[in-house]
Amino acid sequence: MIRNIRHTGIVVRDLDKAIRFYEGLGFSMWKREMEKVTFIDKVVGLNNARIETAKLKSLCGGLLELLQ
């Protein structure tokens, strides 16, 4: 039985639109940042990848990470 989910990541096409959607469901913005590091290049298999992320918290303490 699943008792808790700590972190879920979702890739989205429009970060602003996705943020508004999840805030409407009760999530609150925690952190938003642009990530451009060697680790990201390895994860996505591209050179010089840039990923904008938004991390939102749920009322139960879970974290939703949106990636564009």
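Analyst: Helices (H or I, at least four residues) and strands (E, at least two) are DSSP runs, numbered from the N terminus. Just after helix 1, Gly 26 takes a positive phi of about 105 degrees. This is a predicted model, in which local features need pLDDT of at least 70 and side-chain atom pairs count only at pLDDT 80 or more, whereas totals for chains, interfaces and linings use all residues. Residues are numbered from 1 along each chain as its sequence is written, and side-chain values use heavy atoms, with hydrogens and water left out.

User: How confident is the prediction, and where in the chain is confidence lowest and highest?

Analyst: The score used is pLDDT, the predictor's confidence in each residue, from 0 to 100. The chain has a mean pLDDT of 88, and 99% of its residues reach 70 or more. Helix 2 (residues 38–44) has the lowest confidence, with a mean of 75, and helix 1 has the highest, at 97.

User: What makes Asp 14 a cap of helix 1?

Analyst: A side-chain oxygen of Asp 14 lies 3.3 Å from the backbone nitrogen of Asp 16, at the N-terminal end of helix 1. A polar contact is a pair of N or O atoms within 3.5 Å; within protein, one must be able to donate a hydrogen and the other to accept it, and residues adjacent in sequence count only if both atoms are side-chain atoms. A polar atom of the Asp 14 side chain also lies 3.0 Å from the backbone nitrogen of Lys 17.

User: How do you know that the buried residues of helix 1 line one face?

Analyst: Leu 15, Ala 18, Ile 19 and Tyr 22 are the buried residues in helix 1. Viewed down the helix axis, they fall within an arc of 100 degrees, so they line one face of helix 1. The arc is that of the directions from the helix axis to the C-beta atoms. Lys 17, Arg 20 and Gly 24 are exposed on the face turned away from this buried side. The cover over the buried residues of helix 1 includes strand 1, strand 2 (28–35), strand 3 (51–57) and strand 4 (63–67).

User: What makes strand 1 and strand 2 edge strands?

Analyst: Two strands pair if DSSP finds at least two bridges between them. The four strands form an open sheet of mixed pairing, in the order 1-4-3-2. Strand 1 and strand 2 each have a single partner strand, so one side of each is left without a neighbour in the sheet.

User: How many bridges join strand 3 to strand 2 and to strand 4?

Analyst: Strand 2 and strand 3 run antiparallel and are joined by seven bridges. Strand 3 and strand 4 are also antiparallel, over five bridges. Both counts reach the required two, so both pairs qualify. Lys 55 of strand 3 stands opposite Lys 31, and the bridge partner of Lys 55 in strand 4 is Glu 65.

User: Why is strand 3 described as largely enclosed?

Analyst: Five of its seven residues are buried, so strand 3 is largely enclosed by the rest of the structure. Thr 53 is found in this strand. With a relative accessible area of 1%, under the 20% limit, Thr 53 is therefore buried.

User: Which side chain makes a polar contact with that of Thr 53, and which with that of Glu 65?

Analyst: The side chain of Thr 53 is joined to that of Glu 35 by a polar contact of 3.2 Å. Glu 65, in strand 4, has a side chain joined to that of His 7 by a polar contact of 2.8 Å. Both distances are within 3.5 Å.

User: Is Glu 65 buried or exposed?

Analyst: Its relative accessibility is 12%, under 20%, so Glu 65 counts as buried. Contact means heavy atoms within 4.5 Å. Leaving aside residues up to four places away in sequence, Glu 65 touches several residues, among them Thr 8, Ile 10 and Thr 53.

Technical notes: Buried < 20%, exposed > 50% of the residue type's maximum accessible area, 1.4 Å probe, protein only.
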